[in-house]
Amino acid sequence: MSLPQLTAPEFVTKVPSTGKEIKYRPFLVREEKILLMALEGGDEKEIGNAITNILSSCIISKIDIDSLATFDVEYLFLKLRSKSVGEVIELKLAHSDKESVCKHRTDVVINIDEINVGGDISDGKIDLNGELGIKLRYAGMNDVNSLDTNSTSQLFELVVSCVEYIYDASEVYDDFTRDEMSKWLEQLDTAQFKMITDFFQAAPKLSHTIEWTCPECGEKDSLVLEGMQSFFM
């Protein structure tokens with residue numbers, strides 16, 4: 001006799017970069033084991049891969065996980081964690097000033113549902129000189145995971161990966177190899193390339209500001225948590 005099947009509840013949220021509504025279910029024990037193993041290993045790429053794999057399993061709506069920006073992935077996974085484990089994260093926080101005399105660690109509770117993606121969503125179009133422009137997309141988890149951590153040119157390689165097309169007044173140029181785009185970008189001057197890097201620097205982030213008063217010394221303190229791993233820690 002086969003065992004009865006369990007039915008997982010479904011929830012709805014929106015993808016921050018597009019506003020598209022999606023349905024998802026909580027992650028199950030088998031998926032939580034994958035995440036815990038990745039967290040124990042501590043390798044950022046393994047953690048990223050585990051998260052995208054779990055999202056692929058738990059998002060019911062049709063969506064290309066690889067096309068999502070990193071802040072989309074972080075936000076959706078935090079929502080998934082909220083419905084799977086609980087809405088509350090408990091932290092013990094020391095004073096943000098490392099030279100503080102008081103070493104007390106304060107118990108702080110964060111409601112996951114109060115955490116949002118901060119920053120403006122850009123269309124990724126940058127006018128380089130009044131004649132030529134470039135269309136960029138926000139980096140996804142695959143882009144980040146493919147970077148060589150020992151390379152000194154990670155930002156340049158990330159830019160190459162995230163170019164969708166070049167355009168002028170009459171034409172769009174979207175048929176190019178990675179090597180061709182790399183050489184094209186090398187022809188830009190410093191000011192033009194800075195406009196491109198500013199796009200990535202200003203990308204929206206999963207962010208939450210915590211404020212508390214230390215019960216030991218009475219001093220008020222605050223901490224800004226950014227990125228998914230901050231909330232894991």
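The questions below concern the cores and salt bridges of a predicted model. Local features need pLDDT of at least 70, side-chain atom pairs count only at pLDDT 80 or more, and totals for chains, interfaces and linings use all residues. Residues are numbered from 1 along each chain as its sequence is written, and side-chain values use heavy atoms, with hydrogens and water left out.

Q: How many residues does the largest nonpolar core have?
A: A nonpolar core is a set of buried Ala, Val, Leu, Ile, Met, Phe, Trp, Tyr and Cys residues joined through side-chain atoms within 4.5 Å. Buried means under 20% relative accessible area, exposed over 50%, and partly exposed in between (1.4 Å probe, protein chains only). Leu55, Leu76, Phe77, Leu80 and Ile210 have the most contacts inside the largest core, and its residue count is 33.

Q: Which residue forms a salt bridge with Lys79?
A: A salt bridge is a side-chain nitrogen of Lys or Arg within 4 Å of a carboxyl oxygen of Asp or Glu. Lys79 counts as buried, at 14% relative accessibility. Its partner, 3.6 Å away (N to O), is Asp113.

Q: How many residues apart in sequence are the parts that Glu157 and Arg178 tie together?
A: The closest N and O atoms of this salt bridge are 3.1 Å apart. Glu157 is partly exposed at 28% relative accessibility, and Arg178 is partly exposed at 44%. Helices are DSSP runs (H or I, at least four residues), numbered from the N terminus. Glu157 lies in helix H5 and Arg178 in helix H6, so the pair ties together parts whose separation in residues is 21.

How values were computed
Helices (H or I, at least four residues) and strands (E, at least two) are DSSP runs, numbered from the N terminus.
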